[in-house]
Amino acid sequence: MKINENFLKIQNNYLFSDIAKKVKAYSEANPDADIIRLGIGDVTRPLPKAVTDAMKNAVEEMEDEATFRGYPPEWGYDFLKSAINKNDFAARGVAICDDEIFVSDGAKSDCGNIGDIFDVDNVVAVCDPIYPVYVDTNVMAGRSGTLLDGGRWSNFYYMPCTKETNFLPALPEKHVDIIYLCFPNNPTGMAINKTELKKWVDYANENGSVILYDAAYEAFIVEDDVPHSIFEIDGAKTCAIEFRSFSKTAGFTGTRCAYTVIPHELKVGGFELNALWARRQATKFNGVSYITQRGAQAVYSDEGKKQVREIIGYYQNNAKVIYNGLKSLGYEVFGAVNSPYIWLKTPDNMKSWEFFDLLLNKVQVVGTPGSGFGPAGEGYFRLTAFGSADRTKEAIERIAKIN
Ligand code: MLT
């Protein structure tokens, strides 16, 4: 009997578990401390009323023998897939089929599980810094090679995204097979425009690579030339898979609903990835509950859309408060415009974790150390706009005191 030894290669815990542990230890040692949490990107506004009303109706249906439902379809109910298609794609001029949409319990799980349909020998390209799930799941799957000094893995191709690159990755200089892109980006909060994304689509088509495009923060886009979906770019259907989520859009972090789009045109070695994923999901996943999918469908109702816009506007306002507040204190700040994340340079070249400790110990504000997202994140720090408006304002007032 042997375990999957790839798990032993991962030395750290999941980033947000480490932060939670540190904060818990601090609050046990300082029970009266009033901590403001702007670390993990977890929402704080309640679900839109249109969503909870739809969920209540669905609960009543489940109570009645005539309308009760058992297992949901593994790939999502038709009513939700067609609402997604109509509103998130057709409305933006993107033609996809409902059976190219797979409803799931989260973009995080899909981004991790998608590796099941790819060979272990594929070369993976990742941005640095990056959402740790892409890296860790590929380490678990055996694609990483060994951990090098400096925190990078020997078999991954790294694309630094720093101030010097305007936080955009450069096209790979060698062949890569799987490319993870996340825009608007977690953690830097920076977006990519259509012209830049087109270069990636062309690269992937020319090199037979597959882009895994995480668009979980799409709802925060305000600039016209920033695509909401990679499928707005010509040629993307033959090289890209897109992950979308209701978590940050409609407050579903605790409710769990997302979806992944895999066009039929996307083929590797002549095989449709759509068919492989359909098979994978049918075998390993039993679908999202009827109640949750009715809630997600309501996001696209007139009322739902209005309520979602209000919630996003609330967080966008927090993002401005953090961005402008830090700027006026002399910090170098990025992101925040098309994103709920604010990415800042630590003062006096402090290490990211040093700055984390400073904020926690001196002013009881929790953020996320940039180095937790990869070596190129060292010297940076992430704050989220997902807190309450009052607490966000207070966090900046407290940070001003350190200055
Ligand atoms: C984050 O803080 O980066 C997000 O909450 C991660 C996630 O969505 O899983």
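Domain bounds are taken from an automatic or database domain assignment. On this basis the protein chain is divided into domain 1 (5-46 + 303-402) and domain 2 (52-301). The structure is a predicted model, in which local features need pLDDT of at least 70 and side-chain atom pairs count only at pLDDT 80 or more, whereas totals for chains, interfaces and linings use all residues. Residues are numbered from 1 along each chain as its sequence is written, and side-chain values use heavy atoms, with hydrogens and water left out.

The C-alpha centres of domain 1 and domain 2 are separated by 24 Å. Contact, defined as heavy atoms within 4.5 Å, links 37 residues of domain 1 with 48 residues of domain 2.

The largest nonpolar core comprises 62 residues, and I211 and F246 have the most contacts inside it. Such a core is a set of buried Ala, Val, Leu, Ile, Met, Phe, Trp, Tyr and Cys residues joined through side-chain atoms within 4.5 Å, where buried denotes under 20% relative accessible area (1.4 Å probe, protein chains only). Because domain 1 and domain 2 both give residues to this core, it lies between them. Another core, apart from the largest one, has 36 residues, including A319, F334, F373 and I396.

The ligand is surrounded by F16, I40, G41, K108, Y131, N186, Y217, K248, Y341 and R382, a residue being near if one of its heavy atoms lies within 4 Å. Domain 1 and domain 2 each supply at least three residues of this shell. Polar contacts are pairs of N or O atoms within 3.5 Å. An oxygen atom of the ligand lies 2.6 Å from a backbone N or O atom of G41; for an N or O atom in the side chain of Y131, the distance to a ligand oxygen atom is 2.5 Å. A polar side-chain atom of N186 is placed 2.8 Å from an oxygen atom of the ligand. Of the 260 Å² of accessible area that the ligand has on its own, the protein covers 85% (Shrake-Rupley method, 1.4 Å probe).

How values were computed:
Polar contact = N/O pair within 3.5 Å; in protein donor to acceptor, adjacent residues only side chain to side chain. Buried < 20%, exposed > 50% of the residue type's maximum accessible area, 1.4 Å probe, protein only.
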